[in-house]
Amino acid sequence: MKHLLSTQDLSLADALRILDTAEEMSAVSGREVKKLPALRGRTVVNLFLEDSTRTRISFEAAAKRLSADVINFTGKGTSVSKGESLKDTVQTLEAIGADAIVMRHWGSGAAAQLAGSGWITSSVVNAGDGTHEHPTQALLDALTLRRHLARRHGTGPRGTDLAGMKVVIVGDILHSRVARSNLWLLTTLGAEVTLAAPPTLVPVGVEQWPCHVTYSLDEAIAAGPDAVMMLRVQSERMHEAFFPSAAEYTRSWGLTDDRLALLESAGAADAVIMHPGPMNRGLEISAAAADSVRNTALEQVANGVSVRMAVLYLVLSGTDTAGTPDLVPSAARRPEA
Amino acid sequence: MSPTAPRYLITGGTLPDGTTSDVLIEDGLLAAVGPEARSRAEAGDGPLETVDAAGRIVLPGLVDLHTHLREPGREDAETVETGTRAAAMGGFTSVHAMANSTPVADSAGVVEQVWQLGREAGWCDVHPVGAVTVGLAGERLAELGAMAASRAEVRVFSDDGMCVSDPVLMRRALEYVKAFDGVVAQHAQEPRLTEGAQMNEGELSSVLGLSGWPAVAEEAIIARDVLLAQHVGSRLHVCHVSTAGSVEIIRWAKERGIEVTAEATPHHLLLTEELVRTYDPVFKVNPPLRREADVMALREGLADGTIDTVGTDHAPHTAETKECEWTVAAMGMTGLETALPVVQHALVDTGLMDWAGVSRILSSTPARIARLTDQGRISASGVFETGAPANVTVYDPHVTRTVDPATHATRSRNSPYRGMELPGQVTDVFNHGHPVVRDRALATPRTH
């Protein structure tokens, strides 16, 4: 795997390979010495052209646990307003010695463009591009759901998929790269996805997507899902007439105390609440729902580091063979230098 | 022309009506067509050059209603000189330079400057398009009458790049240009429905996370404008029609006798939104590439006369405005040098149209829309009018070439056909009797 650009073009085999590798990585995170020498001498650049402290530090922690050198490059605004083109920026970073570029970008398609441009030879990892995709977020969500399912079945998660799992994604689907990446990945893994949103925030052409769509969150919850994933809603959206007011949004599509109670009664006994963070308490999620034991937010954060370790390892290890690499045992056997 | 100016006998070419015939150019005019051409050539005085057109098509010089020459203001992307070189290489003997230059062509001074630059370049007739509103701002009418009365004799007015979205302003413009038999060429794009639009709106834009440019934003303006044109009894021209729904509305309007004409671009006749999957900004254009069904509807519209003409919307851009992220890249594609090959590929080789039809959509009809009397002088069945100015393009439809933008005469390299195989090549072009292209290469400009 040379790049990770999207989950839409990720095969089931590759998805399982990343998730299984992440399980290995997560074992490391549970140890006292949370470090592997796997990427020693390699350089990972976090090129963040849009604000995102959470994702950047997650990638940073992941790279450091693999002993890679990490360079953080943050900037805001467009390349045009900065006066330097993306091409010049990434070529400079590669000249400094980057082996992989983890890029967060405000523009949809920027990661794919970078990987396909011929400007650089580094691996490219998409850390979120515009309203297109955020593949590592979907992978960490899938890892979280897969572990959840394994616990329910009393088995280990390795090699398993999400067959039969019912997941509801709620909110601003239209502007959400998290929703897109999750839809493609979760359905690849066999889950049934329902999108619940006001009609204004459902993308055009969604009827061609592999999911159910409902305008009623109550109906979606009454159908007994295994997981409800709440998306962050920007209250500015009401100024663009996507919905009349924050209060109306919360009444209709927020995970309120009443809907939390409905989930307790109608959902799977172990149904979980997910959120990519940061949460807007009181808007898309009530305080009780946010603080509920069902909320996996912190588990998602921890899994994010494991998934990003797996992705960085796989894109930089240069192995194109299928199957899970025998990473941790062999790496752990190596003497620490 | 001086009496010693060479005469040209184009021999053995196939004319648009399907006959094989000689054509004689003398004193800048089409002196004779048919058997008479050779006898008259041999009888006449002065040097005679022969152009062997065996196996080639002899077309009336092409007329483009929609060209961006970028001068004044963006001479780094194109100049009148380089743009008209590209036009000549593409077989065009007349182009209409869009008004969105810097400064905007919204006054007699600017249109005369562009017109003068065109005359000095000498590769192709240049007819400036005048802006409808001052600075393309859509707020108040530009001095349309002054532009019409200027040496540039502007007859086509457009805010192209911007839509005249204010219905009152559009109504007034349509009415006002009746005074000098002008036409308003509308860039049909409802601005509020297309804020930040990056590509055709549909399932693919949703997958790619790019803001959509819905078909309704074009169709709603066209529907409004044909009704306005009917109401005030004016002529309307619709630029770069891109959707099947627009074709339907224009067909409806024509059936009701509304004086509307419409153009489609070469790229909308061949390319679809699927190319956007690459996020390569060379495919970013306004209006955006649409669906396969739209491409087919446009081809059929041209074949049945609903769409009147192919306008290139040649839009040169510098490398740096295309070698960047899709969302900030400039919109537009070059097109002058590939227009005729694309038309052959999409319309002739598919059996939708013969060469008389090509003469109609690329020469006589656009000339009529722009009220040019020195271009497109050919009958509907493809018979040249003798005595008319000798604007002639000789075209070899039998070669196949791989498009290499680096070899193009335009200053910019943003051709969406890069690497594609297209049929045909312009071999010779006569502009008012002067050979500006000979044997597949630029010759000399015409001097005034």
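Student: Which residues in helix 5 of chain B meet helix 7 of chain B?

Tutor: On helix 5 of chain B they are B:Pro167, B:Met170, B:Arg171, B:Leu174 and B:Glu175. On helix 7 of chain B they meet B:Arg224, B:Asp225, B:Leu228, B:Ala229 and B:Val232. Contact means that the C-beta atoms of two residues, placed from the backbone, lie within 7 Å. Helices (H or I, at least four residues) and strands (E, at least two) are DSSP runs, numbered from the N terminus.

Student: How does that contact divide by class?

Tutor: The contact of helix 5 of chain B with helix 7 of chain B has six nonpolar, no polar and four charged residues. Nonpolar covers Ala, Val, Leu, Ile, Met, Phe, Trp, Tyr, Cys and Pro; charged covers Asp, Glu, Lys and Arg; the others, Gly among them, are polar.

Student: Where do these numbers come from?

Tutor: This is a predicted model, where local features need pLDDT of at least 70 and side-chain atom pairs count only at pLDDT 80 or more, while totals for chains, interfaces and linings use all residues. Residues are numbered from 1 along each chain as its sequence is written, and chains are lettered from A and ligands numbered from 1 in the order in which they are written.

Student: Back to the two helices. At what angle do helix 5 and helix 7 of chain B pack?

Tutor: About 45 degrees, and their axes are 10 Å apart. Axes are lines fitted to C-alpha atoms, for helices over the stretch in contact; angles between N-to-C directions run from 0 to 180 degrees. So helix 5 of chain B is oblique to helix 7 of chain B. The cut-offs: under 35 degrees is roughly parallel, over 145 roughly antiparallel, 65 to 115 roughly perpendicular, and the rest oblique.

Student: And is the crossing of helix 5 and helix 7 of chain B left-handed or right-handed?

Tutor: Helix 5 of chain B passes helix 7 of chain B in a right-handed crossing. A crossing is left-handed if the near helix is turned anticlockwise from the far one by less than a right angle, and right-handed if clockwise.

Student: Let's switch to chain A. What about helix 2 and helix 12 of chain A?

Tutor: Their axes come within 8 Å and cross at roughly 60 degrees. That makes helix 2 of chain A oblique to helix 12 of chain A. Their crossing is right-handed.

Student: Which residues meet there?

Tutor: Helix 2 of chain A brings residues including A:Phe59 and A:Ala62. Helix 12 of chain A brings residues including A:Val305 and A:Leu312. By class, this contact of helix 2 with helix 12 of chain A has seven nonpolar, two polar and two charged residues.

Student: Sheets next. In what order do the four strands of chain A's open sheet run?

Tutor: The order is 2-1-3-4, and the pairing is parallel. Two strands pair if DSSP finds at least two bridges between them.

Student: Why is one side of strand 2 and of strand 4 of chain A left without a neighbour in the sheet?

Tutor: Strand 2 (69-74) and strand 4 (123-129) of chain A stand at the edges, so each has a single partner strand. The twist averages 15 degrees from one strand to the next. Helix 12 (residues 297-317) of chain A packs on this sheet, touching strand 1, strand 3 (100-105) and strand 4 of chain A.

Student: How many bridges join strand 1 to strand 2 of chain A?

Tutor: Six, with the strands running parallel. A:Leu47 stands opposite A:Phe73 in strand 2 of chain A.

Student: What's the order in the sheet of five strands?

Tutor: That open sheet of chain A reads 7-6-5-8-9, with parallel pairing. Its edge strands are strand 7 (212-214) and strand 9 (272-274) of chain A. Within it, A:Val168 stands opposite A:Thr194 in strand 6 of chain A.

Student: Domains now. Which domains does chain A have?

Tutor: The assignment gives domain 1 (12-131 + 304-333) and domain 2 (135-298) of chain A. Such bounds come from an automatic or database domain assignment. The C-alpha centres of these two domains of chain A are 26 Å apart. In contact are 20 residues of domain 1 and 17 residues of domain 2 of chain A. Helix 1 of chain A gives the most to the domain 1 side, with eight residues.

Student: Last one. How many residues does each chain put into the contact of chain B with chain A?

Tutor: Chain B gives 18 residues and chain A gives 24 residues. On the chain B side, the largest share, four residues, comes from helix 6 (residues 203-208) of chain B.
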